[in-house]
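Let's take a walk through this one together. Have the model open and follow along.

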Amino acid sequence: MIADRLDRYIARNVLGAIIVVQLVLLGLDLVISYINDLDDVEGDYGAFQVLLYLIMRLPWRFYQYAPVGVLIGALIGLGSMASSNELTVMRAAGRSLSRILWGVMKPIILVVVVVLLVAEYVSPRTEQYASAWRIEQMQGEGAVLTQRGGWQREGDTVYRFGAIRGDNTVLDLTRYEFEDETLRAATTAERAVWNDGHWVLEEVSVTRFEDERTEAESLERLDWQTSLTPDQLGRLLRPVNSQAPSELWAYARYLQEQGLQSTQPLLYFWQKMLMPLTMASLVLVAASFVFGPLRTVAAGTRVFYGVVVGLCFKYLQDLLAPASTVFGFSPVWAVLGPTLICASLGFYLLRRSG
């Protein structure tokens with residue numbers, strides 16, 4: 001794809017800077033997280049296990065820092081060529097600004113492919129495994145994988161789940177059954193076990209509400225008829241932002257089928273799927289800084305402004321995310337909005353620079 005020598009030279013400088021920046025960010029995050037997590041030492045979970053846990057989470061951190069790494073890496077890569085007048089020589093030799101930008105975008109395509117593959121196939125699995133391994137080190141084998149409970153509606157039935165274990169056992173389950181918005185039965189179970197393709201409730205208490213009386217019943221076991229699978233419950237009880245794009249899309253479709261709001265999973269889905277546009281817009285901003293108002297300043301100043309832009313981009317997305325829920329607009333605009341603003345700013349500064 002990279003045909004001529006100048007494109008290869010630009011790509012090598014930009015990609016090398018991005019890799020260095022990403023390694024620095026991951027290294028700093030690893031050190032800071034390690035110091036903070038030493039307070040969680042418990043049982044067999046010692047200082048070495050803390051380090052192993054953080055290493056397992058590196059794919060997720062890599063995904064999180066990718067946009068900032070691309071922005072700062074592009075600033076440093078292009079800035080180093082600008083400081084040595086290499087970009088000036090390229091343009092004097094007849095290389096157009098758009099052709100130089102295309103040379104910058106080529107390594108970004110490779111970065112985007114790697115980031116999307118990590119988001120889909122690597123980070124969701126490493127996050128789940130790291131969380132399970134950490135808690136099992138603290139509490140022993142068969143420990144609860146997550147302390148994050150959840151609520152779910154299925155038709156006229158509402159469920160509350162306490163937690164899920166690594167052996168697909170749900171703990172502390174409550175089921176509320178309604179008829180025409182009237183509560184007809186409440187079922188509590190200490191656990192639900194996935195057995196031969198269906199759920200079985202254990203240590204069950206059932207309370208039925210009739211028009212003039214209430215009936216209570218205790219059972220050792222009770223079949224649980226539901227369309228929920230262990231994978232779906234895992235998605236429900238796991239943090240939404242750590243799930244793969246395919247999982248987020250399936251979860252959003254399931255919520256829509258149940259008549260529930262699917263804004264949050266769709267928001268994270270579009271954040272991951274629109275990552276190529278996000279990175280391209282940030283690269284445009286970086287190039288506009290180098291060719292535009294910041295072409296004569298020191299490299300540290302460019303990096304500072306790059307960090308400011310990256311933080312503003314993140315905060316704007318964080319503000320638009322809940323706004324999409326409150327005002328009812330599509331989550332895709334909560335992601336596209338900051339991206340379009342960055343792209344517009346980059347194009348404007350590049351046009352001013354000629």
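**A buried glutamine, a sheet and some helices**

Start with Gln243. Setting aside neighbours within four places in sequence, Gln243 is in contact with Pro124, Arg235, Arg238, Leu248 and Lys272. Keep in mind that you're looking at a predicted model. Gln243 sits in the loop between α6 and α7 (245-257). With a relative accessibility of 0%, Gln243 counts as buried, because the cut-off for that is under 20%.

Now step back along the chain to α6, residues 230-237.

Let's go through some of the pairings. β1 and β2 are antiparallel and share five bridges, with Arg153 partnered by Val158 in β2. Two residues lie between the strands of this hairpin, and Gly155 there takes a positive phi near 65°. β2 itself is mostly covered, with six of its eight residues buried. On to β2 and β3: they pair antiparallel over seven bridges, and Ile164 stands opposite Val170 in β3. Then β3 (residues 169-179) is joined by ten bridges to β4 (residues 182-195), again antiparallel. Look for Tyr176 here, opposite Ala186 in β4.

Next, the helical stretches. An unreviewed UniProt entry places the feature "transmembrane region" at residues 12-35, 62-79, 100-119, 273-291, 303-320 and 332-350. How do a couple of these look in the model? Residues 62-79 are 100% helix and 0% strand, with end C-alpha atoms 23 Å apart. For residues 273-291 the figures are 95% helix and 0% strand, and the end C-alpha atoms are 29 Å apart.

Finish with helix α11, residues 331-353. At 1.5 Å a residue, its 23 residues should span 33 Å, and the end C-alpha atoms are 34 Å apart, which agrees. Which residues of α11 are buried? Among them are Pro331, Val335, Leu336, Thr339, Cys342, Ala343, Gly346, Leu349 and Leu350.

Note on methods: Residues are numbered from 1 along each chain as its sequence is written. This is a predicted model: local features need pLDDT of at least 70, side-chain atom pairs count only at pLDDT 80 or more; totals for chains, interfaces and linings use all residues. Side-chain values use heavy atoms; hydrogens and water are left out. Two strands pair if DSSP finds at least two bridges between them. Helices (H or I, at least four residues) and strands (E, at least two) are DSSP runs, numbered from the N terminus. Buried means under 20% relative accessible area, exposed over 50%, partly exposed in between (1.4 Å probe, protein chains only). Contact means heavy atoms within 4.5 Å. The expected span of a helix is 1.5 Å times one less than its number of residues. UniProt positions are given in the numbering used here, feature names are shortened, and annotations may be inferred rather than shown by experiment.
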